[in-house]
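Please keep the sequence and the coordinates in view while reading.

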Amino acid sequence: WATAALSALAEGGVTAVAVEPIARSLGVTKGSFYWHFKNRDALLEAALQVWESMGDAAIARHEAEHPEPRARLRALFLAAFDARNPSNLLNHLTAASADNATVRPVLRRVTERRLSYLKGIYQACGLDTEAARHRALLSYSAYVGLFQIVGNLPGSRPVGDDLRAYVQHSRELGCALIVDEFSYLIQNMVNDNGFGDVDRLLGSMREWREAGMQMLLTGSIGVT
């Protein structure tokens with residue numbers, strides 16, 4: 001019942017979790033439902049527990065399969081944006097969380113768990129705690145945002161070579177942000193301390209930015 005309810009939820013949202021249609025899909029009578037659940041809310045709660053448990057199991061499996069943090073991050077992005085990962089479920093739960101007291105705490109726990117996992121990967125790659133937290137939020141925002149776009153614009157989800165290019169572009173953007181932040185700090189130091197030959201220094205910084213991005217992308221530096 002709970003797995004069938006989760007499938008209905010992914011297909012049509014919270015309102016699709018209804019006893020009669022799910023009973024028909026299972027080939028059982030509506031009366032048998034009450035042998036297992038008190039009411040529809042209990043069924044919804046059970047479906048959400050299945051979803052939460054599946055997510056925890058997926059994280060544990062991913063950690064075991066990808067012990068190296070940079071490889072783990074890339075594999076995570078590829079899996080997250082893969083066409084076999086259903087986007088409708090997260091969209092439906094996000095939409096329902098504002099008004100549904102059953103959905104809201106589960107979605108919050110799952111979101112916190114995912115952000116914590118991402119933060120841990122970025123820390124393992126070499127970022128400090130604050131930078132890792134910001135990068136995790138940025139990455140997860142891209143994930144949630146893309147699914148919302150796909151829900152509104154079917155066919156926009158990257159697949160195959162396009163998916164790999166999308167993940168690579170996201171990675172390059174993250175590397176550029178790291179180097180640009182460092183360049184910004186250096187430039188402020190120049191301005192505050194009145195160092196001479198600023199144009200030459202800034203030119204060297206631009207060259208360093210390109211070299212730094214290449215090192216980050218190839219894994220020569222521990223941040224990705």
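Leaving aside neighbours within four places in sequence, valine 14 is in contact with Leu9, Arg40, Leu44, Ala96, Asn100 and Val103. The model is a predicted one. Valine 14 is located in the loop between H1 and H2. Its relative accessible area is 13%, and because buried means under 20%, valine 14 is classed as buried. The C-alpha atom of valine 14 is separated by 9.4 Å from that of alanine 95, although the two residues are 81 residues apart along the chain.

H1 is followed by glycine 13, which has a positive phi, near 85°. Within H1, the buried residues are Ala2, Ala4, Ala5, Leu6, Ala8, Leu9 and Ala10. The buried residues of this helix pack against helix H2 (19-26), H3 and helix H5 (88-97). As background, an α-helix has 3.6 residues a turn, so residues three or four places apart point the same way.

How do the axes of H1 and H3 cross? Helix H1 (residues 2-12) and helix H3 (residues 40-65) have axes that come within 8 Å and cross at roughly 85°. The two helices are therefore roughly perpendicular to each other. The residues of their contact divide into 12 nonpolar, no polar and no charged. On the H1 side these are Ala2, Ala5, Leu6 and Leu9; they meet Leu43, Leu44, Ala46, Ala47, Leu48, Val50, Trp51 and Met54 in H3.

A pair of aromatic rings is described by the distance of the centres and the angle of the planes. With ring centres required to lie within 6.5 Å, the count comes to four aromatic pairs. One of them joins phenylalanine 33 and phenylalanine 37, with 5.5 Å centre to centre and 25° between the planes, and is stacked. The label follows because planes under 30 degrees apart count as stacked. Both partners are buried: phenylalanine 33 has 0% relative accessibility, and phenylalanine 37 has 15%. Ring pairs also link Trp1, Phe33, Tyr34 and Phe37 into a cluster.

Finally, an aromatic ring also meets a charged side chain. Arginine 135 lies over the face of tyrosine 122, at 5.9 Å from the ring centre.

Definitions and conventions: Residues are numbered from 1 along each chain as its sequence is written. This is a predicted model: local features need pLDDT of at least 70, side-chain atom pairs count only at pLDDT 80 or more; totals for chains, interfaces and linings use all residues. Side-chain values use heavy atoms; hydrogens and water are left out. Rings of Phe, Tyr and Trp (its six-membered ring) pair if their centres lie within 6.5 Å; planes under 30 degrees apart count as stacked, over 60 as edge-to-face and the rest as tilted. Buried means under 20% relative accessible area, exposed over 50%, partly exposed in between (1.4 Å probe, protein chains only). A charge sits over a ring if NZ of Lys or CZ of Arg is within 6 Å of the ring centre and within 35 degrees of the ring normal. Axes are lines fitted to C-alpha atoms, for helices over the stretch in contact, and angles run from 0 to 180 degrees between N-to-C directions. Helices (H or I, at least four residues) and strands (E, at least two) are DSSP runs, numbered from the N terminus. Angles under 35 degrees count as roughly parallel, over 145 as roughly antiparallel, 65 to 115 as roughly perpendicular and the rest as oblique. Contact means heavy atoms within 4.5 Å. Ala, Val, Leu, Ile, Met, Phe, Trp, Tyr, Cys and Pro count as nonpolar, Asp, Glu, Lys and Arg as charged, and the others, Gly among them, as polar.
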